[in-house]
Amino acid sequence: MCGIVGYVGKRECTDILIKALHRLEYRGYDSAGIAVFEGDKLKTVKAKGKINDGLVEKLKFEKKLTATAGISHTRWATHGEPSDINSHPIGNGRVSIVHNGIIENYRELKAFLISKGYGFESETDTETVAKLLDYYYDGDPIEAIAKAMQDIRGAYALGIIFREHKNKIFAVRCESPLIVGKGNGENFIASDITAVLEYTKDYYLLEHNEIAILDENGITFESFHGEEIQKELKTADWDISAAERGGYNHFMLKEIHEQPDAIRNTISPRVKDGLPDFSECGLTTEKLRSYKNIYIVGCGSAMHAGLVGKTLIEKLARIPVVVDIASEFRYRDPLVTADDLVVIISQSGETADTLAALKLARSIGADTFAIVNVVGSSIAREASMVMYTNAGPEISVCSTKAYAVQVAFMYLFAFQIAYANGKLSEEKCKELTAELLEIPNYVHQCIDNESAYQLVASKIMNASSLLYIGRGLDYALSMEGSLKLKEISYIHSEAYASGELKHGTISLITEDTPVIALATQSELFEKTLSNVKEVKSRGAKVVMICCEDTNIDDASVDYKIGLPRISELLMPLVTVVPLQMVAYYTAVLRGCDVDMPRNLAKSVTVE
Ligand code: F6R
């Protein structure tokens, strides 16, 4: 949801800002812009469209900018359509800002500012902040920022520059993420560290009610009362190559290929003497024995990973698990108690609804356990216990490796909780854990089956709608498959529990409605096969994803995608690969922008 970058140093900053913005483009790509200190003025260039289509084109017609400090923005539109005028930076020549978040009381602030004689050009909530800063500014930026922030309600990360304070950048945040990068003779602000990894790995995490002040000589932090704050410098362990495409046509394809390593990095460090070990986060055996219910909360793919977790935990540990969409959980007065564990799953660690769900669970007194990818993110910091999924940066908006590691983590967690509760013997737990450790090799093998995925993609690419069906674990996976396809190829699809089709949805089936059937669980295979025959006899073309040695006659399905036969319980970890790959190749064949699908942004920091 919008990306922010600021640079101050000795080098000309335009190219640095644009390069860094590109790394944040996954956060939104409706428009982009920069504001820099050019001579004695603040120079702003901004345009609708992706960075290269709008901003970079526009800059070609500008006199070369020589500024060495400025702020920049890539937008995911909330208030006001994507347009030049609604693009950031927003300002009036005296103060200019970039904003990620939503100002909830902007109407009230706007009315106040209009009463003070201000006019408004854009439809954005952000313009009220720019004008409010201008209203309070009387030569002292800290005072103006502190006063303005006291009037604002909502979520924000702001980069601010004042014309009269040449080559200084100010930053504040509340809820929305922002890091302050410390380089050598140059300093940065950014929505996340990947934007500036090329220049530095050292960064500070800015907290609410703190103001960061950057110039080329250094970074200081002050409270709203002007007191200096000392902060701990952190170092990112992500490498710049992790944030680059590295020879792949798309980040999505690269990230699918990274899954074996990502799963390994997630699981291996949490296995000790052959058994899962969660001691790093304080999730002790005593605690795991004490929970009455488990809630798993997340959004989108993260929630889908939770659905796999539910099946595993209930099957192995016999503890009731509720999986909830974060935006529902937070408003439905959930039955969570202080005896429950609330597991929060999030790649970014910044999803607004997921963060709110976590805070709600904490306020009820439940233990909260966050499974997060981005180190130091808001969810990681808020949860009572946190473990990281170690997948490295995920750049493609469409989640692949982050989902895969969340699912892998669910396995380890289910084994651990079942073992702690005496439902799994030590021997069985070790056996399952050993099998889990072997999974990366099988994932690798599945990724290599590219021609099968390309063939299926070519057969479904012209469909206007299709169905994914499955039972049990396969149903959980079919939801993820359906989301991947619609998200990046714009083909409508729905996931259905196979047995539920007859209760209405089968009326959608025609010869133009392909069905992707997942059938990896032997005890449910015959049932799913019957459902496949039902849709096939109504004309549907059927793609079946099942183990490669599964015996099905040619008349039952049109295309078969074979998977290595591994322990049935672990099949989701390999089943996800064809789902991702078929979605990927379908989107490519349809000419879609795979890594930046329309209307989406990766990190959803608004409700
Ligand atoms: C789908 C996708 C989204 C995210 C969801 C949650 O490909 O990426 O559905 O899974 O927005 O995001 P995080 O995990 O960052 O909380």
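How many bridges join strand β21 to β22, and in which sense do the two strands run? Four bridges, with the strands running parallel; the views below start from the whole chain and come back to this pair.

This is a predicted model, where local features need pLDDT of at least 70, side-chain atom pairs count only at pLDDT 80 or more, and totals for chains, interfaces and linings use all residues. Residues are numbered from 1 along each chain as its sequence is written, and side-chain values use heavy atoms, with hydrogens and water left out.

**View 1. The whole chain holds 18 helices and 27 strands.** Both kinds are DSSP runs numbered from the N terminus: helices are H or I with at least four residues, strands are E with at least two. Along the principal axes, the C-alpha atoms fill a box of roughly 75 × 55 × 45 Å. The radius of gyration is 25 Å, which agrees with the value near 25 Å for a compact globule of 607 residues (taken over C-alpha atoms; the rule is 2.2 Å times the number of residues to the power 0.38).

**View 2. Five parallel strands make an open sheet.** Read across, the order is β19-β18-β20-β21-β22. Two strands count as paired if DSSP finds at least two bridges between them. β19 (321-325) and β22 (385-388) are the edge strands, pairing on one side only. From one strand to the next, the twist averages 20° (axes are lines fitted to C-alpha atoms, for helices over the stretch in contact, and angles run from 0 to 180 degrees between N-to-C directions).

View 3. Contact here means heavy atoms within 4.5 Å. Helix α9 lies across β18 (294-298), β19 and β20, and runs at about 170° to β19.

**View 4. The largest pocket has a volume of about 600 Å³.** On a 1 Å grid over the protein atoms alone, a pocket is an open set of points with protein on both sides within 12 Å along at least five of seven lines, a cavity is a set where a 1.4 Å probe fits but cannot get out, and lining residues have an atom within 4 Å of a point. Points are joined across faces, edges and corners, and a volume is the space filled by probe spheres set on them. Of the 27 lining residues, C299, G300, S301, K602 and V604 lie nearest the pocket's centre. α9 (300-317) gives the largest share, four residues; β20 (341-346), α11 (352-364) and α16 (473-489) each supply at least two. By class, the lining has 11 nonpolar, 11 polar and five charged residues (Ala, Val, Leu, Ile, Met, Phe, Trp, Tyr, Cys and Pro are nonpolar; Asp, Glu, Lys and Arg charged; the others, Gly among them, polar).

**View 5. One cavity of 30 Å³ or more turns up.** Strand β6 (95-103) gives the most, three residues. Four of the lining residues are nonpolar, nine polar and two charged.

**View 6. Seven antiparallel strands form another open sheet.** The order is β5-β6-β7-β8-β12-β13-β14. β12 (210-215) and β13 (218-223) pair over six bridges, and A212 stands opposite F221.
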